[in-house]
Amino acid sequence: MANTIMTSIYNYYMTTYAPKSDAKLDSHKKGELKDIYSNILKINKEAPLYILARGEDTKSFAVSLKENARQLQHTILQSAGRKEDDFFKNNIAYSSNENVLSAEYIGSGGSSEEIPSYQIEVKALAAPQVNVGHFLPAYELELEPGNYSFDVSINGVSYEFQYSIGNEDRNYDVQSKLSRLINHANIGLNASIVEGVNNTYALRIASSRTGSTPDADGTFKPIFTISDQRASMQQGSVDYLGINYVMNVASNARFTVDGEERSSSSNHFSIGHDYLVNLYGISPEGNETVTVGVKPNTESIKHNIHALIGGYNSFLQAMDEYRSNKAGSSKLVREFGGITNLYYNELDAIGITKAEDGSLTIDDDLLSQAAEADEATDLLAPLKDFSSSLYQKSESVSRDPLNYANKTIVVYRNPGKNLLSPYLTSNYSGLLFNYYC
């Protein structure tokens, strides 16, 4: 029961608040983790004792604030980089046909002239195994009521599914019941109901995994099998429903890279140490290839600046949703506005201006002139300081989001005469559990 509750909490948190992000940006070295812990101790040592305002608004604000701050950090790292020599030099990959494939640059850097490009022709996409059962009349049923079971073998593991058929159940009821049962099991299979003609339906089961790898003897085994020959309960439902029939076997993606034949068990793979590629479709007829490469340095610079400003605006927009929280979002928006004001003249010179609502806009003509100028490094230097200040502020917000929540100060600490304490920020994690208690 405890594991079920924890799983529900985690799933709620991730699906409601946590944005999708690059996992590598959440990894840290030991020294970085030590610095985070030391900063938490320092915050807690001097922070006053307080009572948080009750209500779901406070909890929602704190959790959302933390996750949006983390997302802004990720955007800054992806566009401006973490090191001095990474600033706005992250190369941006492109695909000449996004309908066929997309690409992401994962190399170690260098000028766009030094990074190779590739010609790719996609001949076939990687496909999952698909089983489709018999199309049966929706309101009939030839199975006897009772308790049934069948076994599913996938990835070397066998699972038994048990279910019951009632007196009032019909074919569509049984198919729907099994579809929910398989999907909720989360074993790498996706089930759905397929509609046929004359009010008939079939159960479709597909593997999440694509592709296949041959055994030592060269044969390809199915990704999953379904059988009730050794079922612990009544047999016969597998043959009746036909869910053991393999309509499409799993297959690998087939493509060429600069004319060389290649294959992959997935539609997501890397080429050398340069690109991550996602396949979406087949190349047009006529052996038309798709070019994958990196944009010129000036185009990459402009792309990254747009990403940085877009991340800043998205954060402000998220905070605007909590504008009624006077002690929280309003204070935070003012602080971010103060950072922008420090660099306003320099940003304005390269086409980045501040709108009435605090968001930033970009004049692409002025930005292009700055990025292509001989003194581009000097013109864009203020952006480095601006992004660095944003990162420090977002890092501070992410570390202690409750600093901006409505709360009542109970007592201030005696400056310089307090013991270190790592526990104050646990108030934040406690909000998640209180939501369910």
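Is Glu299 buried, exposed or partly exposed, and what is its relative accessibility? Glu299 counts as partly exposed, at 35% relative accessibility. Here, buried means under 20% relative accessible area, exposed means over 50%, and partly exposed lies in between (1.4 Å probe, protein chains only).

A word on the model comes next. The structure is a predicted model, in which local features need pLDDT of at least 70 and side-chain atom pairs count only at pLDDT 80 or more, while totals for chains, interfaces and linings use all residues. Residues are numbered from 1 along each chain as its sequence is written, and side-chain values use heavy atoms, with hydrogens and water left out.

Back to Glu299, which forms a salt bridge with Lys302, their closest N and O atoms being 3.2 Å apart. A salt bridge is a side-chain nitrogen of Lys or Arg within 4 Å of a carboxyl oxygen of Asp or Glu. The two partners lie about one helical turn from each other, because they are three residues apart in helix H6 (residues 297-320). Helices (H or I, at least four residues) and strands (E, at least two) are DSSP runs, numbered from the N terminus. Lys302 has a relative accessible area of 13%, so it is buried.

In total, the structure holds six salt bridges. One of them brings together the side chains of Glu261 and Lys123, at 2.5 Å from N to O. This pair links distant parts of the chain: Glu261 belongs to strand S14 (residues 260-264) and Lys123 to strand S4 (residues 118-124), 138 residues apart. Lys123 is partly exposed, since its relative accessible area is 33%. Another salt bridge joins the side chains of Asp169 and Lys177, at 3.2 Å from N to O. Asp169 counts as buried because its relative accessibility is 16%, whereas Lys177, with a relative accessible area of 24%, is partly exposed.

Next up is helix H9 (residues 364-372), where Leu367, Ser368, Ala370 and Ala371 are buried. These four sit on the same side of H9, because they cover an arc of only 165° around the axis. The arc is that of the directions from the helix axis to the C-beta atoms. Over on the other side of H9, Asp365, Gln369 and Glu372 are exposed. The buried residues of H9 pack against H6, strand S19 (360-362) and H10, where contact means heavy atoms within 4.5 Å. At the start of H9, Asp363 has a side-chain oxygen that reaches to within 3.0 Å of the backbone nitrogen of Asp365.

Helix H10 (residues 376-399) contains Ser394. Ser394 counts as buried because its relative accessibility is 0%. Leaving aside residues up to four places away in sequence, Ser394 touches Ala69, Leu72, Gln73, Ile76 and Phe336.

Finally, there is a sheet. Three strands make up an open sheet in the order S3-S16-S15, with antiparallel pairing; two strands pair if DSSP finds at least two bridges between them. Strand S3 (101-105) and strand S15 (268-271) are the edge strands, each pairing on one side only. S3 and strand S16 (residues 275-279) run antiparallel and are joined by five bridges. Leu101 stands opposite Leu279 in S16.

Note on methods
A polar contact is a pair of N or O atoms within 3.5 Å; within protein, one must be able to donate a hydrogen and the other to accept it, and residues adjacent in sequence count only if both atoms are side-chain atoms.
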